[in-house]
Amino acid sequence: MRDVLVGDYLRSRGVTRRGLLKFCAATASWMALPPTLAQEIAAALEKARRPSVIWLPFQECTGCTESITRADSPTLEGLIFEAISLDYQHTLQAAAGEAAEEARRNAMQENWGKYLLAVDGSIPLGNPGYSTIAGVSNVDLLREAAKGAAVATSQAKARVSGLSARTAEAMPQESPPPP
Amino acid sequence: MNTLAGIPVTVELASGNVELLLHEIAHALERLLESGKASVIDLRGVPLAPGEEERILEFLGTGEVRAELDAGGPSSVNESRFAGVWVVTHHDPSGEIIGRLIEIAFVPDIMRSQLVEMRESRERIARELALMRSPAVSAPAPARNTDAEAAAKVLEKR
């Protein structure tokens, strides 16, 4: 499913290329881009694939996950089947234990340098052993996942004070080549 | 007693961009004729005072081509009274204007048939013609209910 191009997917849902061009013309206008870029935006969008997303929930209240399961625009199923490929989120995914960790490692390897990393919850730094997943401390898991991420984002920073600073502290400064 | 409306002051807002934009259209038309290069101007991207967009549209007027599209909401394509100058207005499904472009082109981009859909059409038309050529498939004869007939014969014998 992740290999389906956005253009093919849109056509399968009845969105014509004229419809896509129109969307891109309006998007270029909203973003104050030259209107001649609409064609290029459409061409790039058609060739894009759904991005792989790895979501690491650490010491969190599951509020973010609860919220997203109740979202209606887009719905959770619309989001994970049409917009992104959610390859790891241990609260939502069916796999558990080693199978879940293997899915994460596979997704990281296949999408090295391209996947989006979402993080929520706090990360114990003083004693990393306070919170571990599959025997790996949160901070080590974050460092490993962040190495190959194109973008990393942290949620619920208002709820979990200091998360952003801790996430930034745990993040590597540069991306080494894939393992 | 004087009211605010009674004060004889009228404020005319002008961005000064109307004439500039019309000159840009004129230059773009010249470029199209000289080099074949089309241009697009996003009317929403040009700072205009209230009423100035209407002034531009009024100046451009309407020509002999008008087209309506339905692609993710209605869109209208109107050739202005100047051949080669088109006004393309996009609406969202609720009718709100989401973009208005002035295209200086032989044909606006959105009016052209799209290659990817033309290729699909080529395959579809070939399939449909192949179906027309193939002999009509005769409907299968209704299956006889031999079990029921056999049971009826047994009952008759009894």
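User: How many helices and strands are there in chain A?
Analyst: This is a predicted model, so we're reading DSSP runs off predicted coordinates. From the N terminus on, the order goes α-α-α-β-α-α-β-α-β-β-β-α-β-α. That comes to 8 helices and 6 strands.

User: Where in chain A is confidence lowest, and where is it highest?
Analyst: Chain A averages a pLDDT of 83, with 85% of the residues scoring at least 70. Residues 157–166 of chain A stay under 50, though the model still has 15 contacts for them beyond four places in sequence. Where pLDDT is low, the predicted coordinates should not be read in detail. By element, the lowest is helix α8 (residues 163–170) of chain A, at a mean of 50, and the highest is helix α7 (residues 138–147) of chain A, at 94.

User: Is α2(A) oblique or roughly parallel to α3(A)?
Analyst: Helix α2 (residues 17–30) of chain A packs on helix α3 (residues 38–47) of chain A with the axes 8 Å apart and an angle of about 120 degrees. Angles of 65 to 115 count as roughly perpendicular and those over 145 as roughly antiparallel, so α2(A) and α3(A) come out as oblique.

User: What is the handedness of the crossing where α2(A) passes α3(A), and how do the contact residues divide?
Analyst: The crossing is right-handed. The contact divides into 11 nonpolar, 1 polar and 2 charged.

User: What share of the residues in chain A is buried?
Analyst: Buried here means under 20% relative accessible area. Of the 179 residues in chain A, the buried share is 36%.

Key: Residues are numbered from 1 along each chain as its sequence is written. Chains are lettered from A and ligands numbered from 1 in the order in which they are written. This is a predicted model: local features need pLDDT of at least 70, side-chain atom pairs count only at pLDDT 80 or more; totals for chains, interfaces and linings use all residues. Side-chain values use heavy atoms; hydrogens and water are left out. pLDDT is the predictor's confidence in each residue, from 0 to 100. Helices (H or I, at least four residues) and strands (E, at least two) are DSSP runs, numbered from the N terminus. Contact means heavy atoms within 4.5 Å. Axes are lines fitted to C-alpha atoms, for helices over the stretch in contact, and angles run from 0 to 180 degrees between N-to-C directions. Angles under 35 degrees count as roughly parallel, over 145 as roughly antiparallel, 65 to 115 as roughly perpendicular and the rest as oblique. A crossing is left-handed if the near helix is turned anticlockwise from the far one by less than a right angle, and right-handed if clockwise. Ala, Val, Leu, Ile, Met, Phe, Trp, Tyr, Cys and Pro count as nonpolar, Asp, Glu, Lys and Arg as charged, and the others, Gly among them, as polar. Buried means under 20% relative accessible area, exposed over 50%, partly exposed in between (1.4 Å probe, protein chains only).
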